[in-house]
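Q: Please take a close look at one part of this model, starting from a single loop residue. Then connect that part to what surrounds it.

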Amino acid sequence: KLGISGNTRSQPTAAVQPKPQPNAGAAAANQLLNEGVTIVKLAVKYDNSKLYPEAYESYSKALDNFSKALSTGLVKGKTSTTVIERMDGYLKRMYKIEALVCGKDKRKRKGNFVDIITSMTKCGYNPVPEGEESFLQARLAETRKDPAALAYYSKGLEYLMAKHHACKAAGTATDKRIVESIGKMLDRAEQLKHSNFGRSTNL
């Protein structure tokens with residue numbers, strides 16, 4: 001006996017559904033931001049102590065957290081603006097110390113800069129001025145036979161490629177001028193890789 005009282009006919013039982021948690025996504029985004037802030041404070045501490053490998057890795061981890069938070073689409077308004085501004089500064093600092101940490105070995109590079117910049121671009125950041133400035137710096141470095149030319153081309157490419165990726169994700173066409181600049185930088189970067197002075201990544 002099953003001890004069932006009343007109507008003993010079999011009744012369909014509705015599947016138990018978990019209650020919706022509308023704030024779960026926002027909570028996750030906030031956690032990513034808070035963790036990013038904690039990590040970046042450590043990065044700055046390392047940086048100030050000239051512990052560049054540790055600083056570089058910590059900046060990378062913090063930027064990854066901030067990028068993931070932005071990618072949720074739940075970081076908006078003033079918070080989004082502040083996060084992007086901070087990310088921009090940390091990213092530029094990573095570019096600066098990358099030569100000290102990685103040297104010529106690109107395998108030591110941390111993070112995907114294009115993905116990070118793309119996440120910023122989708123939230124309103126404009127990477128084009130930085131990309132074009134790097135393009136100009138690369139051309140100037142070439143005229144001076146400066147090994148940093150290759151690094152400037154690489155940096156410019158990452159910023160402009162981020163714009164291209166963001167446009168593609170939004171279903172819009174990338175400005176023809178940007179596409180042309182990407183092509184030119186790719187060609188020059190490839191040529192410099194095989195030149196006598198395209199060996200440094202120091203920006």
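A: Lys50 is exposed, at a relative accessible area of 61%. Here buried means under 20% relative accessible area, exposed over 50%, and partly exposed in between, with a 1.4 Å probe and protein chains only. The model is predicted: local features need pLDDT of at least 70, side-chain atom pairs count only at pLDDT 80 or more, and totals for chains, interfaces and linings use all residues. Residues are numbered from 1 along each chain as its sequence is written, and side-chain values use heavy atoms, with hydrogens and water left out.

Lys50 sits in the loop between α1 (24-48) and α2 (52-71). Helices here are DSSP runs of H or I with at least four residues, numbered from the N terminus; strands are runs of E with at least two. The phi of Lys50 is positive, about 60 degrees, although the residue is not a glycine. Most residues other than glycine have a negative phi.

Lys145 also has a positive phi, near 60 degrees, and is not a glycine. Lys145 lies in the loop between α5 and α6, just after α5. At 58% relative accessibility, Lys145 counts as exposed.

Step back into α5. The 16 residues of α5 should span 22 Å at 1.5 Å a residue, and the end C-alpha atoms are 23 Å apart, which agrees. The expected span is 1.5 Å times one less than the number of residues. The buried residues of α5 are Val128, Glu130, Gly131, Ser134, Phe135, Ala138, Ala141 and Glu142. They cover an arc of only 165 degrees around the axis, which puts them on the same side of α5. The arc is that of the directions from the helix axis to the C-beta atoms. On the other side of α5, Leu136 and Thr143 are exposed. An α-helix has 3.6 residues a turn, so residues three or four places apart point the same way. The cover over the buried residues of α5 includes α3 (77-102), α6 and α7. Contact means heavy atoms within 4.5 Å.

Now α7, residues 176-193. Its 18 residues should span 26 Å at 1.5 Å a residue, and the end C-alpha atoms are 26 Å apart, which agrees. Buried in α7 are Ile178, Ser181, Ile182, Met185, Ala189 and Leu192. They take up an arc of only 105 degrees around the axis, which puts them on the same side of α7. These buried residues pack against α5 (128-143) and α6 (148-170). Asp175 caps the N-terminal end of α7, with a side-chain oxygen 2.7 Å from the backbone nitrogen of Arg177.

Next, the rings. Rings of Phe, Tyr and Trp (its six-membered ring) pair if their centres lie within 6.5 Å; planes under 30 degrees apart count as stacked, over 60 as edge-to-face, and the rest as tilted. By this rule there are four aromatic pairs. In one of them, Tyr95 and Phe113 have ring centres 4.7 Å apart and planes at 85 degrees, so the pair is edge-to-face. The pair links distant parts of the chain: Tyr95 is in α3 and Phe113 in α4 (residues 113-121), 18 residues apart. Both Tyr95 and Phe113 are buried. Ring pairs join Tyr95, Phe113 and Tyr159 into a cluster.

Last, the cysteines. Cys102 is buried, at 6% relative accessible area. Cys123 is partly exposed, at 28%. A search of the whole structure finds zero disulfides, a disulfide being a pair of cysteine sulfur atoms within 2.5 Å.

Note on methods: Polar contact = N/O pair within 3.5 Å; in protein donor to acceptor, adjacent residues only side chain to side chain.
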